[in-house]
Amino acid sequence: MGFLWTGTWILVLVVHSSPIQAFPKPEGSQDKLVHNRELSAERPLNEQIAEAESDKIKNIYSPENKPGESNYSFVDNLNLLKAITEKEKIEKERQSVRNSPYDNKLNMEDVDSTKNRRLIDDYDSTKSGLDHKFQDDPDGLHQLDGTPLTAEDIVQKIATRIYEENDRGVFDKIVSKLLNLGLITESQAHTLEDEVAEVLQKLISKEANSYEEKPNKPTSKTESQSGKIPEKVIPMAAIQDGFANGENDETVSNTLTLTNGLERRTKTYSEDNFEELQYFPNFYALLKSIDSEKEAKEKETLITIMKTLIDFVKMMVKYGTISPEEGVSYLENLDETIALQTKNKLEKNVTDNKSKLFSAPSMKSHEETDSTKEEAAKMEKEYGTLKDSTKDDNPRGKTDEPKGKTEAYLEAIRKNIEWLKKHNTRGNKEDYDLSKMKDFINQQTEAYVEKGILDKEEADAIKRIYSSL
Amino acid sequence: MRRRRRLQQEDGISFEYHRYPELREALVSVWLQCTAISRIYTVGRSFEGRELLVIELSDNPGVHEPGEPEFKYIGNMHGNEAVGRELLIFLAQYLCNEYQKGNETIVKLIHNTRIHIMPSLNPDGFEKAASQPGELKDWFVGRSNAQGIDLNRNFPDLDRIVYINEKEGGPNNHLLKNLKKIVDQNAKLAPETKAVIHWIMDIPFVLSANLHGGDLVANYPYDETRSGSAHEYSSCPDDAIFQSLARAYSSFNPSMSDPNRPPCRKNDDDSSFVDGTTNGAAWYSVPGGMQDFNYLSSNCFEITMELSCEKFPPEETLKTYWEDNKNSLISYLEQVHRGVKGFVRDLQGKPIANATISVEGIDHDVTSAKDGDYWRLLVPGNYKLTASAPGYLAITKKVAVPYSPAVGVDFELESFSERKEEEKEELMEWWKMMSETLNF
């Protein structure tokens, strides 16, 4: 530094003493700098630097609200302390604020989203469906007036079933189950068999229903064996106990023993392995309606799904997540919903022959298959989805919002694709690549779902639309 | 009240009120239709947890292209002032449609600007307002956010600080710098307010408009009177350009710029209105507003548009409001491409962020963004622009500015150390020469 100062002095002296000799400048364009020095760098460089640095110091310590505060560092510390204590306070507040808006958000979504609206409506329609079941379904486990069956009724029903289906296997299944559950002994099973045979014979010969007075013995014995079973609700108890005992292993072995019993059958259905099928008359009917070989795979899938569902419910009961009654009622509802869905599907196929832009009916059945497949994952989600798709199929017509939204999205996507195709025929950007577009859309929709910009449902719908292109 | 959706009313724009789900759907539809030029994001959540949604339109969505100015429209910060919200939804759809039709003005805009549209800053308030039965909506219900906070009085009052600085000396821009931490910890700020402040800090917005209702005028800074009185014209340093910007909006809106238009209500005092524009404080004093906050905490110039005498008019009028405002909205967008713009770099060509660009005669500086890019809105005239940065030597340039487009002016700043080195070298050279000549 000292050298420079000395140098400047000498420079000044030299310049004064020999004015003719111009000061040699090193190379490089200096014009701009000289010009600017006139306007902005008039004072010596070091002075300018010094001033700038003192400005910097001033700025760092300048008080925030009160000019003229003398002890700057003290103010800084004070503010920092204040800030820290306030920050802790605010953090707590923010926590609660964060939590409650989130909760509120969930509530808001309940109020806002059309999906939840559908659930509410669905719930209502299912309720009415249950009533519907009691009236129409002779194979159910309740009488017309809703009271549970007596043992005699059961025998009668079994016999009727066998008669109607012309299949002994029904009885075998039921008896095996009861045996395995320890509800009846072998001898009781034989007795039961006799009774059923008797009734069957009567049916066959007379083609008329009559109630037998036999089954007091097995009934009372059944009751004495497992004291928990209420008097009237034997089949229900059977199921309940089955769930409550949690003898899934037995069920598995049960399946195996039944397989052996298969040899007695004349017809072999894959659903014969499915011994609980008896409790799902509507599902069974649905399966029966799928006869063609083409849909055999679908049939298998449906059975697998049902099995999985039932196992899942059993598991839940076993671990106490739900009560046996809840499990039973869930499965009953499931069966009921299947009935409704089947009925509506039939109706819809008759009435709806329009083909829309992306063939909406097939899209819907695609949705149904999708949702049916997804059922295997979670209980509640499946239940909800089932209810949703039931609502979708409602011939009354959905409220226009979800329909309008999907259509709007479809329309928007169509315009996008159109524009992309047109735009790229001019060869401006890279070639229009549908698969790249799909990837991008998948990525973006996922990101949007995470950020709360899209519902999961909407994102899936969008992805579906793109994948169908 | 749920209504049957009217599809395809004029190019996919349905002129009806959008509640929160419909708002979201509308934006998603625009995105789906124009995925190449749009992106939806959220700046945060309202008090009740609704996303503060923004749709961005640009040729490279999600990316700040160096030199490309950023623009924002914000609507419905008063939840019951509904026209702005709807107009912004229509605008998003319109920009997408027109882009795909090849409308040159729109294509150019979208290629050269990054447009951010937030239809509603107060979705909670809107739901409250919209839930009122019948068509006649109360003047106040739904105005404030869910906490009862009037968002346009909730921003830190930087006007007062700048008025003090005018008298006693102090910065004339970016007054928030030292207060940033305190903003985050301020419990009095609504979540919506905080979200916007962060948004403003994050993105180097250049021009912005804040859409309101209840009157028909384009209102510019300052909003708060200097003296504290109820009305008093309080001009900001950029009064000239603000008047020009306000006119750029109002002149395309036939009712706003109609000189013979009677006031919205019989006893309204619109004496401050000139050509459909007004200085905020001359009309009535507003402390803590978002408009002035933009100007004094960032580089963004913001104007408040009052779009309708009735705050929440009947749905059937929405189409007319769109027709009246469509051209204004586009014209105002184009204003971002005015004045001077360019880059501030060092001698090695590296960008200098946060350099100060000052204009001789205008006591308000702007700063360069992360890529060293800056934009300085100015009315036509001759100016001297100075770029400076700590540790660098300032440079001043003379510029002649037309009405539009923006003039490009770049600065290459030399750092102090570089200059010191140079001068040292100079002296060394001289010493060498002297010693050789004089033989010592």
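What follows is a chat about parts of chain B in a predicted model.

Q: Hi! Which residue of chain B does UniProt list for "active site"?
A: The UniProt entry, which is unreviewed, lists Glu306(B) under "active site".

Q: Thanks. Where does Glu306(B) lie?
A: Glu306(B) is part of strand E8, residues 301-308 of chain B.

Q: And is Glu306(B) buried or exposed?
A: Buried. The relative accessible area of Glu306(B) is 7%, and buried means under 20%, so Glu306(B) falls in that class.

Q: What does Glu306(B) touch, leaving out residues up to four places away in sequence?
A: Glu306(B) touches His212(B), Gly213(B), Gly214(B), Asp215(B), Leu216(B) and Val217(B), along with Met256(B) and Trp283(B).

Q: What lies 3.5 Å from a polar atom of the Glu306(B) side chain?
A: That would be the backbone nitrogen of Gly213(B).

Q: Switching topic: why is strand E9 of chain B largely enclosed by the rest of the structure?
A: E9(B) covers residues 340-346, and five of its seven residues are buried, so the rest of the structure largely encloses this strand.

Q: How about E9(B) and E15(B): parallel or antiparallel?
A: Those two pair in the parallel sense, over two bridges, with E15(B) made of residues 407-408. Val340(B) stands opposite Val407(B) there.

Q: How many bridges join E9(B) to E16(B)?
A: Three, and the two strands run parallel; E16(B) is residues 411-413. Here Asp346(B) stands opposite Leu413(B).

Q: Now some helices. How do the axes of H7(B) and H10(B) cross?
A: The axes of H7(B), residues 191-202, and H10(B), residues 290-297, come within 11 Å and cross at roughly 30°. H7(B) passes H10(B) in a right-handed crossing.

Q: Which residues make that contact?
A: From H7(B), they are Val196(B), Ile197(B), Ile200(B) and Met201(B). H10(B) contributes Met290(B), Phe293(B), Asn294(B) and Ser297(B).

Q: Last one: is H10(B) mostly covered or uncovered?
A: Mostly covered, with eight of its eight residues buried. Among them are Gln291(B), Asp292(B), Tyr295(B) and Leu296(B).

Technical notes. Residues numbered from 1 in each chain as written. Chains lettered and ligands numbered in written order. Predicted model: local features only at pLDDT ≥ 70, side-chain atom pairs only at ≥ 80, totals over all residues. Heavy atoms only, no water. Buried < 20%, exposed > 50% of the residue type's maximum accessible area, 1.4 Å probe, protein only. Helix = DSSP H or I, 4+ residues; strand = E, 2+ residues; numbered from the N terminus. Pairing = 2+ DSSP bridges. UniProt positions renumbered as here; feature names shortened; annotations may be inferred. Contact = heavy atoms within 4.5 Å. Polar contact = N/O pair within 3.5 Å; in protein donor to acceptor, adjacent residues only side chain to side chain. Axes fitted to C-alpha atoms, helices over the stretch in contact; angles between N-to-C directions. Left-handed = near helix turned anticlockwise from the far one by under 90°.
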